[in-house]
Amino acid sequence: MLILTRKLNETIVIDENIEITIQSIDGEQVKIGVKAPKEIEIYRKEVLEAIQNENKNAISRKIDIKKLK
């Protein structure tokens with residue numbers, strides 16, 4: 001993991017086409033802006049994990065239905 005220190009309005013560039021900018025700092029809360037090509041999906045980690053868990057649950061429910069037939 002790379003750890004960087006940034007100040008308000010400073011930007012990090014990833015692979016020349018993704019920019020992460022510090023938009024505001026309010027106490028312990030930091031707002032960031034992400035600029036990336038449309039084909040790159042961007043999720044908060046907890047949302048991505050919820051999607052993955054729901055997909056796993058859907059697959060297991062599908063398997064259970066097949067067993068009932």
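Modeller: Glu-46 forms a salt bridge with Arg-44, with 2.7 Å between the closest N and O atoms. A salt bridge here is a side-chain nitrogen of Lys or Arg within 4 Å of a carboxyl oxygen of Asp or Glu. Arg-44 is exposed, at a relative accessible area of 54%, whereas Glu-46 is partly exposed at 46%. For these classes, buried means under 20% relative accessible area, exposed over 50%, and partly exposed in between, using a 1.4 Å probe and protein chains only.

The model is predicted: local features need pLDDT of at least 70 and side-chain atom pairs count only at pLDDT 80 or more, while totals for chains, interfaces and linings use all residues. Residues are numbered from 1 along each chain as its sequence is written, and side-chain values use heavy atoms, with hydrogens and water left out.

The structure holds 2 salt bridges. Besides the pair already described, Arg-6 and Glu-10 meet through their side chains at 3.6 Å, N to O. Arg-6 is partly exposed, with 36% relative accessibility, and Glu-10 is also partly exposed, at 27%.

Two backbone positions deserve a check as well. Most residues other than glycine have a negative phi. Asn-9, not a glycine, has a positive phi near 70°. Asn-9 lies in the segment before strand S1 (11-14) and is exposed, with a relative accessible area of 55%. Asp-15 also has a positive phi, about 55°, without being a glycine. Asp-15 sits in the loop between S1 and strand S2 (18-26), and its relative accessible area of 65% makes Asp-15 exposed.

As for the chain as a whole, it contains 1 helix and 3 strands, arranged along the sequence as β-β-β-α. Helices (H or I, at least four residues) and strands (E, at least two) are DSSP runs, numbered from the N terminus. Of the 69 residues, 4% count as buried. Among contacts (heavy atoms within 4.5 Å) between residues at least 6 apart in sequence, 0% join residues at least 24 apart.
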